[in-house]
Amino acid sequence: MSGKSDLLKYGALQELHCHTTYCDGANTPEEMVQAAIQKGLRRIGFSGHSTSPRGSSYAMSPERSVAYVAAIGALKQAYADRIEVLCGIERDLYSPFVPSGLDYVIGSVHYIKVGETYYPVDSSAEELARCCREAFGGDGYAMCEAYYEGVARLAEMRPDIVGHIDLVTKYIEVDPLFDMNHPRYLAAAFGAIDALLPTGAIFEINTGAISRGYRSTPYPAPALVDYIKKNGGRVQLTGDSHAAATLCYRFDEWEHLMKDSEV
Ligand SMILES: [Zn+2]
Ligand SMILES: [Zn+2]
C-alpha cells in the first residue's frame with residue numbers, strides 16, 4: 001500500500017467496504033474472497049466494524065479485532081496469485097479500540113453522542129426518531145447538526161476513506177425527520193465536508209443501503225457528491241457489503257459518479 005491514491009487504483013473493479021462473520025456479515029472472509037474472484041474483481045479490502053462504544057454485538061471485540069487482522073493476513077498470502085486482499089477496518093468515531101497491522105481505515109460515525117448517551121444512527125427508523133424526540137425536542141435539523149459535528153471530527157482520525165457521510169439520511173424514505181434540501185441541513189453537511197477535504201480522505205459512494213432495501217440511491221446524496229467533487233474531493237464506489245452476493249452492489253448503475261475524480 002502506498003497511501004490514499006493507491007486505494008483508487010482499481011475503480012469499480014474493487015470492493016473496499018465489506019463485512020464478514022467476524023462482525024455482522026453473513027459470509028466468512030474466505031467466502032468473500034472467492035466471490036470476489038468469481039466476480040472478476042482485482043482487489044477486495046475488508047472493513048470489519050471496530051469495537052463499538054456500547055459493546056454492541058454487530059462490531060468486533062478487541063480480541064476478535066486482533067484475530068480478524070490475522071485471518072485476513074493469512075488470506076492475503078493464500079490468494080496472492082489470484083486477487084489482492086487488503087485488511088482495513090471501519091473505525092467508528094467513538095470506537096475505544098483499533099488493532100494494529102491495518103492497510104487502511106474507513107472513518108464512520110454510527111452514533112449521535114448527547115451527554116453520555118450514544119444514540120445509534122442506523123439501527124432502526126424508530127431509534128433515530130427517538131433520538132430526535134428525546135435529545136433534540138423533535139428538531140431534525142438540530143439532530144443533523146450534531147451528527148455532522150461528529151462527522152467533521154473524523155478529520156482528527158485522518159481516515160483514508162470517509163464512510164457513508166450522510167448516514168443520518170438512511171431512513172429518509174421511510175420516516176422523513178428533516179428535508180435534505182433545507183439550508184440548515186446542507187450547511188451542516190457541507191461544513192463536515194469542508195473539515196474533511198484538507199485531510200485528503202477519499203469519500204465513498206456507498207450502495208449498501210440499496211442492497212439492504214432502505215434506499216433507492218447511494219450515500220451521499222447528489223448535492224453532497226457535487227460539493228465534494230467541485231471542491232477537489234475524490235470518490236470511490238463501495239458496496240458496504242454484508243454478504244458475498246452483494247459485493248460491488250449495482251456499481252454499474254453508479255459508476256458514472258466516479259468520473260471527474262480520477263487521480
Ligand atoms: Zn458503517
Ligand atoms: Zn460498513
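This is a predicted model: local features need pLDDT of at least 70, side-chain atom pairs count only at pLDDT 80 or more; totals for chains, interfaces and linings use all residues.

Biologist: Okay, how many helices and strands are in the protein chain?

Modeller: The protein chain has 8 helices and 9 strands, where helices (H or I, at least four residues) and strands (E, at least two) are DSSP runs numbered from the N terminus. Its radius of gyration is 17 Å, close to the 18 Å that the globule rule gives for 263 residues, so the chain is as compact as a globular protein of that length. That radius is taken over C-alpha atoms, and the globule rule is 2.2 Å times the number of residues to the power 0.38.

Biologist: And what does the C-alpha trace span along its principal axes?

Modeller: The spans are about 55 × 40 × 30 Å. Of the 263 residues, 44% count as buried, and a residue is buried if 20 or more other C-beta atoms lie within 10 Å of its own, exposed if 12 or fewer, and partly exposed in between, with C-beta atoms placed from the backbone.

Biologist: Switching to helices, at what angle do α5 and α7 pack?

Modeller: Helix α5 (residues 183-196) and helix α7 (residues 222-230) pack at about 35°, and their axes are 10 Å apart. Axes here are lines fitted to C-alpha atoms, for helices over the stretch in contact, and angles run from 0 to 180 degrees between N-to-C directions.

Biologist: Which residues meet there?

Modeller: From α5 come Leu186, Ala189, Phe190 and Ile193, which meet Ala223, Leu224, Tyr227 and Ile228 in α7; two residues are in contact if their C-beta atoms, placed from the backbone, lie within 7 Å. The residues of this contact divide into 8 nonpolar, no polar and no charged, where Ala, Val, Leu, Ile, Met, Phe, Trp, Tyr, Cys and Pro count as nonpolar, Asp, Glu, Lys and Arg as charged, and the others, Gly among them, as polar.

Biologist: Which residues touch the most other members of the largest nonpolar core?

Modeller: They are Val121, Tyr147, Ile161 and Ala192, in a core of 67 residues, and α5 gives the most to this core, with 6 residues. A nonpolar core is a set of buried Ala, Val, Leu, Ile, Met, Phe, Trp, Tyr and Cys residues joined through C-beta atoms within 7 Å. Leaving aside neighbours within four places in sequence, Ala192 is in contact with Tyr148, Val151, Ala152 and Ile165.

Biologist: Now the backbone: which peptide bond is cis?

Modeller: The bond from Tyr219 to Pro220 is cis, with omega near -10°, and Pro220 sits in the loop between α6 (208-211) and α7.

Biologist: What about Asp240, is it buried or exposed?

Modeller: Asp240 is buried, because 27 other C-beta atoms lie within 10 Å. Its phi is near 40°, a positive value in a residue other than glycine, and Asp240 belongs to the loop between β9 (234-238) and α8 (251-254). Arg250 is in the loop between β9 and α8 and has a positive phi, near 55°, but Arg250 is partly exposed, with 14 other C-beta atoms within 10 Å.

Key. Residues are numbered from 1 along each chain as its sequence is written. Chains are lettered from A and ligands numbered from 1 in the order in which they are written.
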